[in-house]
Amino acid sequence: MLHVLIHLDEQDAPLASTAISGMLGTPAPIVRRMMSALRGQGIVASAKGHGGGWTLERPLDRITMLDIYEALGEPTLFAVGPVNDDPVCLAERAVDARLGRAFAAATDRLRAELRATTLAQIAEDYRARLAESGLAKCEEGPGPARG
């Protein structure tokens with residue numbers, strides 16, 4: 001989704017959900033749901049009808065990665081963790097307590113990094129990579145886009 005927002009910044013006209021769907025390799029209804037969440041936070045705007053689609057509502061330097069993460073409902077960061085909400089086994093409780101502290105510290109650190117990173121910084125890195133590559137624009141390959 002982050003790369004879509006960077007591409008939106010380059011557009012002179014709204015970008016349709018179907019175009020974004022192609023970039024992400026994700027069905028258009030899912031794209032619309034994610035973009036609607038971003039719209040709810042004032043990150044993007046939408047227009048219906050012929051020539052409609054999605055546009056940025058804020059400049060990239062006023063959008064952080066944390067803004068996007070929070071707008072998308074703060075998806076789970078870690079695929080591992082406690083199995084039971086209230087384990088009976090004391091060893092499992094000890095492991096869960098230690099993991100809980102480690103995950104909380106990691107989450108705090110990650111949120112700080114997301115808060116400190118704007119999409120303008122990512123776009124600057126993208127443009128530098130694009131210039132180094134000699135390509136005229138981001139190359140889209142089969143499957144999910146890489147750009």
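The dialogue below reads a predicted model feature by feature.

Colleague: What ground rules apply to this model?

Modeller: It is predicted, so local features need pLDDT of at least 70, side-chain atom pairs count only at pLDDT 80 or more, and totals for chains, interfaces and linings use all residues. Residues are numbered from 1 along each chain as its sequence is written, and side-chain values use heavy atoms, with hydrogens and water left out.

Colleague: How are helices and strands assigned?

Modeller: They are DSSP runs, numbered from the N terminus: helices are H or I with at least four residues, strands E with at least two. Here, helix α5 spans residues 90-116 and holds arginine 111.

Colleague: Is arginine 111 buried or exposed?

Modeller: Buried means under 20% relative accessible area, exposed over 50%, and partly exposed in between, with a 1.4 Å probe and protein chains only. Arginine 111 has 18% relative accessibility, so it counts as buried.

Colleague: What is arginine 111 in contact with?

Modeller: Contact means heavy atoms within 4.5 Å. Leaving aside neighbours within four places in sequence, arginine 111 is in contact with Leu66, Tyr69, Glu70 and Glu74.

Colleague: Glutamate 74 is on that list. Where does it lie?

Modeller: Glutamate 74 is in the loop between α4 and α5. Its relative accessible area is 40%, so it is partly exposed. Look at its backbone too. Most residues other than glycine have a negative phi. Phi of glutamate 74 is near 50 degrees, a positive value.

Colleague: Which other residue in that loop is worth a look?

Modeller: Valine 88 is in the loop between α4 and α5. It counts as exposed because its relative accessibility is 74%. Phenylalanine 78 is 10 residues away from valine 88 along the chain, and their C-alpha atoms are separated by 23 Å.

Colleague: How do I read the largest nonpolar core?

Modeller: Start with the general idea. In soluble globular proteins, nonpolar side chains tend to be buried together. A nonpolar core is a set of buried Ala, Val, Leu, Ile, Met, Phe, Trp, Tyr and Cys residues joined through side-chain atoms within 4.5 Å. The largest one here has 24 residues. Those with the most contacts inside it are Leu5, Leu8, Ile20, Met35, Leu38, Ile43 and Val44. The elements giving two or more residues to this core are α1 (2-10), α2 (17-24), α3 (28-40), β2 (53-56), α4 (65-71) and α6 (119-133).

Colleague: Which residues is isoleucine 20 in contact with?

Modeller: Val4, Leu15, Val31, Met35 and Trp54, leaving aside neighbours within four places in sequence. Tryptophan 54 lies in strand β2. It is buried, at a relative accessible area of 5%. Its C-alpha atom is 9.5 Å from that of arginine 32, 22 residues away along the chain.

Colleague: How do α2 and α3 cross?

Modeller: Axes are lines fitted to C-alpha atoms, for helices over the stretch in contact, and angles run from 0 to 180 degrees between N-to-C directions. Angles under 35 degrees are roughly parallel, over 145 roughly antiparallel, 65 to 115 roughly perpendicular, and the rest oblique. The axes of α2 and α3 come within 9 Å and cross at roughly 105 degrees. That makes α2 roughly perpendicular to α3. Ser17, Ile20, Ser21 and Leu24 of α2 meet Ala28, Val31, Arg32, Met34 and Met35 of α3.

Colleague: And how do α1 and α6 pack?

Modeller: At about 80 degrees, with their axes 10 Å apart. So α1 is roughly perpendicular to α6. Take isoleucine 6, found in helix α1. It is buried, with a relative accessible area of 6%. Not counting residues up to four places away in sequence, isoleucine 6 touches Leu119, Ile122, Ala123 and Tyr126. The C-alpha atom of leucine 60, 54 residues away along the chain, is 7.6 Å from that of isoleucine 6.

Colleague: In what sense do β1 and β2 pair?

Modeller: Two strands pair if DSSP finds at least two bridges between them. Strand β1 (residues 44-47) and β2 pair in the antiparallel sense over 4 bridges. Alanine 45 has threonine 55 of β2 as its bridge partner. The two strands form a hairpin with 5 residues between them. In the turn, glycine 49 has a positive phi of about 90 degrees.
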